[in-house]
Structure formats: C-alpha cells, structure tokens
Amino acid sequence: MSDAPRVLMLFAAGKGTRMAPLTDKTPKPLLKVGRRTLLDRALDLAREGGVAEVVVNTHYLGEQIVTHLAGREGITISDESDALLETGGGLKKALPLLGAGPVVTLNPDVVWTGANPIAALREAWDPARMDALLALIPLRAARGRIGGGDFAMDGEGRLTRKGNFVYGGAQIIKTERLAEIGDAAFSLNRLWDLMLADGRAFGLAHKGGWGDVGRPDAIPLAEELLYG
C-alpha cells in the first residue's frame with residue numbers, strides 16, 4: 001500500500017452518445033443514478049479508496065462539469081475542449097497535472113457495490129511486476145453489459161485478451177510508455193497492448209456488484225443494484 005498512487009484521473013470528457021437523448025443537454029457524468037450524479041459517486045469512491053488528488057478531464061458540455069466541481073479541494077480540470085482525445089490521449093495530456101509515477105484511473109459511468117475497488121487496487125498494487133492492474137468483473141456478473149468479455153486471467157492474475165472478464169473501469173497504471181504512442185487521440189487499449197505483450201498487465205476480480213450505466217435503460221438496472 002505504501003507504493004500505491006494517491007492521484008487519480010477521472011475520465012469525464014466523452015460525448016455519451018449511447019445515453020442520448022439524456023445527454024443532449026447534460027454531460028453523462030452529471031446524469032443521476034438515484035439521487036446522486038455519476039460524477040459525485042465516482043469522486044466518493046476515489047476519496048473513500050484513499051485518493052488525495054483528482055484530475056478530471058472535460059470536453060463535451062465541459063463548462064457544466066467545471067461549474068459542478070467549482071470550489072472543491074483537491075480537484076484539477078484537464079481541459080480538452082479543443083479536441084476529444086479518448087482515454088489514452090486524455091491521460092497523456094493530463095500528465096503535467098498528474099505528476100510522475102503510476103496513477104489510478106476511473107470511469108464515472110459505472111456503479112459499484114461491495115468492496116471499494118480503488119482501495120482494493122491500491123492494496124494489491126505491486127509495481128515490481130505490474131505496469132497495470134485492472135479491476136475486472138466476471139462477464140456473468142456484469143449488469144447492463146452488452147457484448148463479450150475483454151480479458152482472460154491466469155492463476156497469478158496476468159492478463160491476456162479475450163475471455164470471461166470485463167474491464168470494470170478502474171485501474172492503476174504506469175504512464176511512462178505513453179511516450180511511445182505518437183498520436184494525440186487514442187484509446188488506452190494501445191497502452192495496454194504494450195503491457196500485455198510484456199506480461200506486465202494484471203487483473204483483480206471485484207468482490208461485489210457492478211453495473212454499466214452506458215444507456216438510458218441501464219439506469220434502472222443500476223438503481224436496482226444499489227437500492228434493491
């Protein structure tokens with residue numbers, strides 16, 4: 001735990017096209033599940049998981065997110081209003097704000113129950129053998145998920161592509177190899193591929209419930225998960 005990062009990148013820049021028409025005038029992170037926004041739920045998770053500083057990237061209707069977060073301590077905005085950079089590009093742009101060393105990243109468009117995934121990742125992080133540690137959900141337990149799995153995991157937690165686990169939207173990742181990717185806009189999948197090839201990408205199965213909140217019909221599923 002002493003080596004675990006306490007800085008987190010929260011991805012809030014996407015257009016949320018699958019959430020239309022709810023996102024026509026509201027950015028997806030400010031949509032509510034129950035009585036709280038997805039953004040506030042993600043920030044609660046980060047704080048309770050031991051994170052001290054949070055960088056939030058913004059693009060689509062970003063001024064609403066900036067206003068929502070105004071005055072909160074320990075939060076910095078990474079402005080992507082000029083161009084949507086995707087997850088990998090967004091992380092790369094935010095590096096001057098995140099500082100050196102590994103970081104936690106979190107997607108706000110999911111909900112979690114059970115063990116705090118950020119705390120669990122920080123507890124399991126082993127930088128000597130890991131370049132990335134991803135929170136994974138068994139496909140059969142991934143509420144609201146459409147499609148197959150993302151990864152397979154061996155007995156030591158080492159990952160390969162395609163299998164019965166879904167990436168849950170939370171991870172710890174080293175950022176040095178972002179310099180090997182020349183594009184401005186790209187997916188984190190390209191960084192993961194570098195780490196997978198070296199056998200240094202690992203997974204941690206989440207102990208609890210999880211729900212993808214990527215479509216309007218997923219909101220009641222998420223609320224059922226949270227409130228029963």
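**Note on the aromatic pairs and overall fold of a predicted model**

1. Two aromatic pairs are found in a search of the whole structure; rings of Phe, Tyr and Trp (its six-membered ring) pair if their centres lie within 6.5 Å, with planes under 30 degrees apart counted as stacked, over 60 as edge-to-face and the rest as tilted. This is a predicted model, in which local features need pLDDT of at least 70 and side-chain atom pairs count only at pLDDT 80 or more, while totals for chains, interfaces and linings use all residues. Residues are numbered from 1 along each chain as its sequence is written, and side-chain values use heavy atoms, with hydrogens and water left out.

2. Phe151 and Trp192 are edge-to-face, at 5.8 Å centre to centre and 75° between the planes. Phe151 belongs to strand β10 (residues 151-153) and Trp192 to helix α6 (residues 188-197), so this pair ties together parts 41 residues apart in sequence. Helices (H or I, at least four residues) and strands (E, at least two) are DSSP runs, numbered from the N terminus.

3. The pair of Tyr167 and Trp192 is also edge-to-face, because the ring centres are 4.9 Å apart and the planes stand at 75°. Tyr167 lies in strand β12 (residues 165-173) and Trp192 in helix α6, so parts 25 residues apart in sequence are tied together.

4. The protein chain has seven helices and 14 strands. Of its 228 residues, 49% count as buried.

Methods. Buried < 20%, exposed > 50% of the residue type's maximum accessible area, 1.4 Å probe, protein only.
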